[in-house]
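Please look over the structure shown below before reading on. The report that follows takes up a few of its parts in turn.

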Amino acid sequence: MSNFDEDILKDFFDEAYLQIERVETNLLELEKNKDNREAINWIFTAAHTLKSSSASVEMKEISDFTHLLEDAMDEIRSDRVKVTSEIIDTLLDSLDTIKDMVSAREEEKIIDRDYSNITDSLNKIVKLGSSNKSSKKAPSKKSDTIKSDDKKSNPEPIAAPVNTTGKGTMEVSMSDMIEIKQANVDNLPIYKVVISFNDTNPMRTVSGIQAYTSLREISKILRTYPDFEEIYSDNFYKEITYIIATERDAESIMKFATIPESTEKIDIIKVEDINASAEKSVKEFLDQKREEIGSVEIDDRETVKAVKEKEKKEESVAEDKSIDKINKRVKEIDKGSEPSAKKDGEKQDNLTHQSGSSHSILRVESSKIDHLLNLVSETVITKSTFNQIYTELKERGENYIDLLKKNGDALHITVNNILDELVDVNEILRDELKKELYKIISVNRQQIESDYISYRGVILERYQTTIQNFDKTSNSLQEAVMHVRMVEIRQLFSRFPRLIRDLSRDLKKELTLVIEGEEAELDKGMVDDLIEPLIHLVRNSVDHGIELPEERKTLGKTEPATIKLSAFNEGNSITVIVSDNGRGLNFDRIKEKAIENGLITKDKILDEQEIVSLIFEPGFSTSEKITSISGRGVGLDAVKKNINKLNGTITVNSTLGKGTSFIIRLPLTLAIIQGLVVKVGEEIYIIPISYILESTRIRRDDIYYIDNYEVINLREDVLSIIRLSKIFDIETDEANDSYYVIIINFADRRVGILVDSIVRDEDIVIKPLTNKYSITEGISGATISGDGTIGLILDIGQLVDLGTKQHSDYQNSKIMGKSNGK
């Protein structure tokens, strides 16, 4: 893998996972309708693409295995093998093996488990097709030309059209053709294959190598235009010409030259037809060139060599690569030798999001990038305006100061000189004159100051307008960047049909999956983080929620049972719901189990929502036995923690005998949030506004205690309060007469957060905490304000848990104190 550029490998892995997802989706469709031709064609095409792309990056175990899968699908596609449940199982097992292979390669390893049984199963499908083929009448042999309309038996949905009548754009010179024929030592039929590639394909920079690798399976490649080294570089070529020698017919060449989603057009022409219109024969051509060179004694090879050198000088092209050198280079690549240095190629229109060591590709529409560039240009203009205002204000201010100083000094000197000359004037007149002169000075100064104040008003108005424009542009830029990272949640939901299918077979339950709102959008990073929580919830619903078929029949419920995944956007948040029409939650059983586990006491009075919250406690499970699916008491507590990390909430609605819904609410992105800046002592904290219901001011004597909880009475509603000063051990003035309370809503619980003061609300850019600070409970990140002040962003879920834990620790200390006689 080290032989290839990192960008090429990232493109390969992105393409591989895309094709794997496509195969899985169509296999599940094929299981529902075993005569679905479109699904069969898509599976075959995806397998072919995987084979070619993995071969192009020298991942032999993947290309060999997918080649076998492609052969098996070819037998199915040709109707020589009928699709059965056993074949679907084999194909799904094969897909799982490919997933493991790609995942291992992504970690720079090679799969080490034995998958020979799956290989044997695929070979059985191929052999079954071959035996059926031999019993049928062999088709008549076709000619060496083929038209697109003849491809009835190969209806790939995205195959490129084949044109065998044109010559293509790359003409082969007579000297090249002579050299090509000399290299064709086996005297095989020679074809010129001109392939046009799709310039919007993410794998476009390796498309030429993919086609090269595929054609090499059935032919000897004698020459390419451009040269092989150029194709092997990281450059993209819209059109590449391959000169090949093969016994295969045009139909076979077309099949191997077609790279799904990469090739747009293919021309296949027999080499005899390339220069059929030439007036001179090869011998006449060589004789003429010898005369031009001035040496009639040299042989054919020397003549061709001389002609090539002349053409190279005339066309000013790169040094020619001989056929022998190309074949040597191909052998080096086959052995895995280090390739030549890659050239700077055309960049992909993709954004990458790095998470750990893995990379995921985010495809972005060019219109979104154009919009971003336009907003950036507006920002640059605004920046220039700010610089201009600053420079102008500075220079004008300095000029006014100098003017005041010079005028003041000059007038003072003038006054003193006049007064000195009026020695004969009496003292009273002298003082009157002095007052008048200083009045003139004052008026002059006032005029200068008035001019400056007037100018300052103009400049401040201009500054305010610029600020407003900048605010509008920055908001638009923020929104545009967020939309760039937004992807449809269908990327997440598409994983679950296979999971439901496997769970249905493992648990012997009839299930159907309903998906709604696939077009709802969410931040790409959050989609990745939602995978595990949703898998836990779906498995939990299937195992705990859905009854066995006999039980559902007794209860008069319809079969199959339904698992529903739905999503919809609400303002700056998204709601994801996992629901089932199973047995629902048994609140009495949950409470009994919680008492058995010591989570609550027998006399504890709980409402339904408080009972539901018990299922998210670590180690809690109502399952009577441990299975491969559940029963160990892990899962829902991890789900809650993961949702909390995403600044989201999870609630449960359930009706006994009818079903359960898990409702997840999340912000659209974790990069920028709206927050309320508060102060506790000298520390700054930010509370996400999405959790805030209201804020109010209370007096110290408004706080009282219930069961050692600090509470307040807000409009006849008793609310617990959390003191940030106690949670984070901050020194504050305990003698404060009043406080601010921020009322938050978390998991349908209202809690008050006690702070010293409210500073402001603003858009917060979240900076993640690193190293030892990343494990600080109650804190999800940090931000830097415009004045350079660092503020910590509160993790509301953890904060509520900390408040509860602090109370529990206090209660336990009281119990221990009593038992020790204290």
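## Helix H16 and its two neighbours

In this predicted model, the contact between helix H4 and helix H16 brings Ile-88, Asp-89, Leu-92, Asp-96 and Lys-99 of H4 together with Arg-498, Arg-501 and Arg-505 of H16. Sorted by class, the residues of this contact are two nonpolar, no polar and six charged. H4 covers residues 85-106 and H16 covers residues 496-507, and the two pack with their axes 13 Å apart at an angle of about 125°. The two helices are therefore oblique to each other, and H4 passes H16 in a left-handed crossing.

Helix H1, which spans residues 6-32, also packs against H16, with axes that come within 9 Å and cross at roughly 50°. That angle makes H1 oblique to H16. On the H1 side the contact is formed by Glu-24, Leu-28 and Glu-31, which meet Pro-497, Arg-498, Arg-501 and Arg-505 in H16. The residues of this contact divide into two nonpolar, no polar and five charged.

Helix H21 runs over residues 636-645, and in it Leu-636, Asp-637, Val-639, Ile-643 and Asn-644 are buried. Seen down the axis of H21, these buried residues fall within an arc of 155°, so they line one face of the helix. On the other side of H21, Lys-641 and Lys-645 are exposed. Just after the helix, Asn-647 takes a positive phi of about 60°.

## Two residues and their surroundings

Ser-63 lies in helix H3, which is made up of residues 60-77, and it counts as buried because its relative accessibility is 9%, under the limit of 20%. Leaving aside residues up to four places away in sequence, Ser-63 touches Lys-51, Ser-54 and Ala-55.

Glu-239 belongs to strand E4, residues 239-245, and with a relative accessibility of 25% it counts as partly exposed. Although Glu-239 and Ser-196 are 43 residues apart along the chain, their C-alpha atoms are separated by 4.4 Å.

## Backbone features in the loops

Most residues other than glycine have a negative phi, and most peptide bonds are trans. Against that background, Glu-108 has a phi near 60°, a positive value in a residue other than glycine; Glu-108 sits in the loop between H4 and helix H5 (116-134) and is exposed, with a relative accessible area of 69%. Glu-716, which is likewise not a glycine, has a positive phi of about 65°, is placed in the loop between strand E19 (709-714) and strand E20 (717-723), and counts as exposed at 74% relative accessibility.

The peptide bond from Tyr-225 to Pro-226 is cis, with omega near 0°, and Pro-226 is found in the loop between strand E3 (220-225) and helix H8 (228-232). The bond from Glu-559 to Pro-560 is also cis, with omega near -5°, and Pro-560 lies in the loop that joins helix H18 (549-554) and strand E11 (561-570).

## The chain as a whole

The secondary structure of the chain comes to 23 helices and 25 strands, and of its 822 residues 43% count as buried. Among the contacts in the chain with a separation of 6 or more, 71% are between residues 24 or more positions apart.

Methods
Residues numbered from 1 in each chain as written. Predicted model: local features only at pLDDT ≥ 70, side-chain atom pairs only at ≥ 80, totals over all residues. Heavy atoms only, no water. Axes fitted to C-alpha atoms, helices over the stretch in contact; angles between N-to-C directions. Helix = DSSP H or I, 4+ residues; strand = E, 2+ residues; numbered from the N terminus. Parallel < 35°, antiparallel > 145°, perpendicular 65-115°, else oblique. Left-handed = near helix turned anticlockwise from the far one by under 90°. Contact = heavy atoms within 4.5 Å. Nonpolar A, V, L, I, M, F, W, Y, C, P; charged D, E, K, R; others polar. Buried < 20%, exposed > 50% of the residue type's maximum accessible area, 1.4 Å probe, protein only. Arc of directions from axis to C-beta.
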